[in-house]
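Subject: Structure handover

Hi,

Here is the structure I promised to send over. Please open it alongside this email, and my notes follow below.

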Amino acid sequence: MHKSIQELAPRISDCLKLIYSLQERGQKVSTSIVSEKLGVSDATVTMMFKDFATAGWVEHVPYHGVRLTELGERKAIEIIRHHRLLELYLARELGYTWDKVHEEADRLEHVISEEFEEKLDALLGYPTVDPHGDPIPSKDGVIMRRQGQQLSQFPVATPARIIRVSDQDSEKLCYLGKLGLYPEALIQIIERAPFNGPLRVLVEKPGSQEEHLISVDLAEHIVVTLLPVGDA
């Protein structure tokens with residue numbers, strides 16, 4: 001199964017991306033989780049896992065389902081590179097909002113050639129992050145990850161910069177966009193309500209500041225980094 005991305009069935013590409021994403025978050029990659037996320041039967045996922053194992057893309061880990069091998073990880077990263085370059089192109093060049101690019105890139109990632117990908121990369125100036133702050137792998141498969149912390153765990157009254165919003169749910173992204181909670185935005189927690197209550201945050205906007213309440217659930221998908229002194 002040494003095939004290019006264009007030759008892979010979309011379901012196979014989606015499964016590889018999902019396994020990579022679950023592994024990245026340290027989550028178990030079980031048949032039931034993958035079938036739920038992809039909206040397919042357990043039998044279909046079991047068959048894909050068997051095919052992946054035969055191709056040398058995954059290995060079975062007792063009590064943890066499957067894990068990508070080095071070969072499988074390279075294949076997943078190649079697909080992710082296509083996807084994130086397309087997301088940035090759609091947002092920057094075609095004016096798509098960040099809550100619309102994921103679904104569109106899902107459809108396109110399977111059909112672009114390696115030559116198209118290289119030209120896209122050059123057109124965009126060899127970017128390292130997509131519109132959500134997710135790292136774009138290099139052509140050699142290197143991923144430059146920026147270290148950050150979930151906003152939900154960040155200390156109160158400490159200036160921060162958003163570097164990544166990890167949720168791909170379009171409705172949540174649309175809502176966060178209305179609040180100005182994009183990558184590179186400056187933010188500060190003013191108050192954390194007790195008993196897992198909402199966070200009151202201060203968001204910097206051009207020429208103004210706005211206060212908003214956001215749930216802990218949303219805050220868990222916002223990754224921030226400490227703002228250096230003098231940058232506030």
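This is a predicted model: local features need pLDDT of at least 70, side-chain atom pairs count only at pLDDT 80 or more; totals for chains, interfaces and linings use all residues.

**Salt bridges**

The whole structure holds 20 salt bridges. Start at Arg81. Its partner Glu117 sits with the closest N and O atoms 2.8 Å apart. Arg81 belongs to helix 4 (residues 70–92) and Glu117 to helix 6 (residues 114–123), so this pair ties together parts that are 36 residues apart in sequence. Both residues, Glu117 and Arg81, are buried.

Arg81 also forms a salt bridge with Asp121, at 3.0 Å from N to O. Again helix 4 is linked to helix 6, here across 40 residues. Asp121 is buried, as is Arg81.

For a local pair, go to Glu103 and Arg107. Their closest N and O atoms are 3.4 Å apart, in a salt bridge. The two are four residues apart in helix 5 (residues 101–108), so about one helical turn separates them. Glu103 counts as exposed because its relative accessibility is 53%. Arg107 has 48%, so Arg107 counts as partly exposed.

**Arg84**

Arg84 also lies in helix 4. What does Arg84 have as its nearest side chain of opposite charge? That is Asp130, 4.1 Å away. A salt bridge needs a distance within 4 Å. Arg84 is buried yet has no salt bridge. Its side chain does reach the backbone oxygen of Pro135, at 2.6 Å. Setting aside neighbours within four places in sequence, Arg84 is in contact with Asp130, Asp134, Pro135, Ile136 and Arg164.

**Nonpolar cores**

The largest nonpolar core has 24 residues. Leu16, Ile19, Val34, Phe49 and Phe52 have the most contacts inside it. At least two residues of this core come from each of helix 1 (10–24), helix 3 (42–55), strand 2 (65–68) and helix 4. Helix 1 gives the largest share, seven residues.

Leaving aside neighbours within four places in sequence, Val34 is in contact with Cys15, Leu18, Leu22, Val29, Val45 and Phe49. There is also a second, separate core of 21 residues. Among its members are Ala160, Ile187, Val201 and Leu218.

**Helix 7**

Which residues of helix 7 (residues 170–178) are buried? They are Leu173, Leu176 and Gly177. Viewed down the helix axis, the buried residues fall within an arc of 105°, so they line one face of helix 7. Glu171 and Lys178, on the other side, are exposed. The cover over the buried residues includes strand 4 (160–165), helix 8 (216–219) and strand 8 (222–226).

Asp169 caps the N-terminal end of helix 7, with a side-chain oxygen 3.1 Å from the backbone nitrogen of Glu171. After helix 7 comes Gly180, which has a positive phi, near 80°.

Best wishes

Terms used. Residues are numbered from 1 along each chain as its sequence is written. Side-chain values use heavy atoms; hydrogens and water are left out. Buried means under 20% relative accessible area, exposed over 50%, partly exposed in between (1.4 Å probe, protein chains only). A nonpolar core is a set of buried Ala, Val, Leu, Ile, Met, Phe, Trp, Tyr and Cys residues joined through side-chain atoms within 4.5 Å. Contact means heavy atoms within 4.5 Å. Lys and Arg count as positive and Asp and Glu as negative; His and the chain ends are not counted. A polar contact is a pair of N or O atoms within 3.5 Å; within protein, one must be able to donate a hydrogen and the other to accept it, and residues adjacent in sequence count only if both atoms are side-chain atoms. The arc is that of the directions from the helix axis to the C-beta atoms.
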